[in-house]
Amino acid sequence: MRRGIVFLVIFGIWVSMIHGAEAEERDDFRHTMTLFKKMESRTKVPWYYFAAINQYEKNLRNTREDLPDAKDPVAVYFSQRKWVGLMNPDYNDKNPVTIELYGGIGLDGNHDGRVERNNLKDVLYTLGNYLKSFGLNEEDIKIALWERYQRGETIAIIMGYAKIYKKFNKLKLDKNAFPLPLEANYTINN
């Protein structure tokens, strides 16, 4: 009897932990989508480009050791020097006036008077304005991506992600599958 009660208590805790983690994950996706949509309304860059670039950079940051790991749901990365300006003597500058003066890319996305590389709204607003500076149609976005990454495969990957996000109109896509026949000989290379 006692074992049964202990089992039920442990099982109940386990189930609530799983549901709590799922709810937290849903909240992260909801929060991130809200950020992307907000930046779309402010910059006119479609939200799915933010999502696609974010997904690409999240994958990149998880595999490259020279980049810091992504701790936030938004993984877009700007180097410190590019953010504040190459000639800026203050590597940690948060002043929008001096950052602009020194040619830094960082912008104040949340209107708090500070330009911070660890502020998701500042990062996304900066990214959106960067993309918008090239234009808003697909070819313009590709040019912006080329200027940022200098790699054709990267552009193809990001544009592929963007098409998927646009088609499904959501960020959480892990329940989708690509069925293959049982006798298929499929590898990542083909």
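Biologist: Which residues make the nonpolar surface patch of about 500 Å²?
Modeller: A patch gathers residues with over 30% relative accessible area and no salt bridge, joining like charges within 9 Å and nonpolar side chains (Val, Leu, Ile, Met, Phe, Trp, Tyr) within 5 Å. Areas come from the Shrake-Rupley method with a 1.4 Å probe, and for residues only the protein chains shown count as cover. Here Leu86, Met87, Leu101 and Tyr102 make the patch. This is a predicted model, in which local features need pLDDT of at least 70 and side-chain atom pairs pLDDT 80 or more, while totals for chains, interfaces and linings use all residues. Residues are numbered from 1 along each chain as its sequence is written, and side-chain values use heavy atoms, without hydrogens and water.

Biologist: Where is Met87, and is Met87 buried or exposed?
Modeller: Buried means under 20% relative accessible area, exposed over 50%, and partly exposed in between (1.4 Å probe, protein chains only). Met87 counts as exposed because its relative accessibility is 68%. Met87 sits in the loop between α3 (80-84) and α4 (96-101); helices (H or I, at least four residues) are DSSP runs numbered from the N terminus.

Biologist: How many residues line the second largest pocket?
Modeller: Rolling a probe the size of a water molecule over the atoms shows where empty space is left. On a 1 Å grid over the protein atoms alone, a pocket is an open set of points where a 1.4 Å probe fits, with protein on both sides within 12 Å along at least five of seven lines; lining residues have an atom within 4 Å of a point. The second largest pocket is lined by 24 residues, with Glu116, Arg117, Asn118, Asn119 and Val123 nearest its centre. α3 gives the largest share of that lining, three residues.

Biologist: How many salt bridges are there?
Modeller: A salt bridge is a side-chain nitrogen of Lys or Arg within 4 Å of a carboxyl oxygen of Asp or Glu. The count by this rule is seven. One of them joins Glu57 and Arg148, at 2.7 Å from N to O. That pair links distant parts of the chain, with Glu57 in helix α2 (residues 47-63) and Arg148 in helix α6 (residues 138-149), 91 residues apart. Glu57 counts as buried because its relative accessibility is 4%.

Biologist: Which residues are linked in a network of salt bridges?
Modeller: Asp112, Arg114 and Glu116 are. Between Arg114 and Asp112 the closest N and O atoms are 3.3 Å apart.

Terms used:
Helix = DSSP H or I, 4+ residues; strand = E, 2+ residues; numbered from the N terminus.
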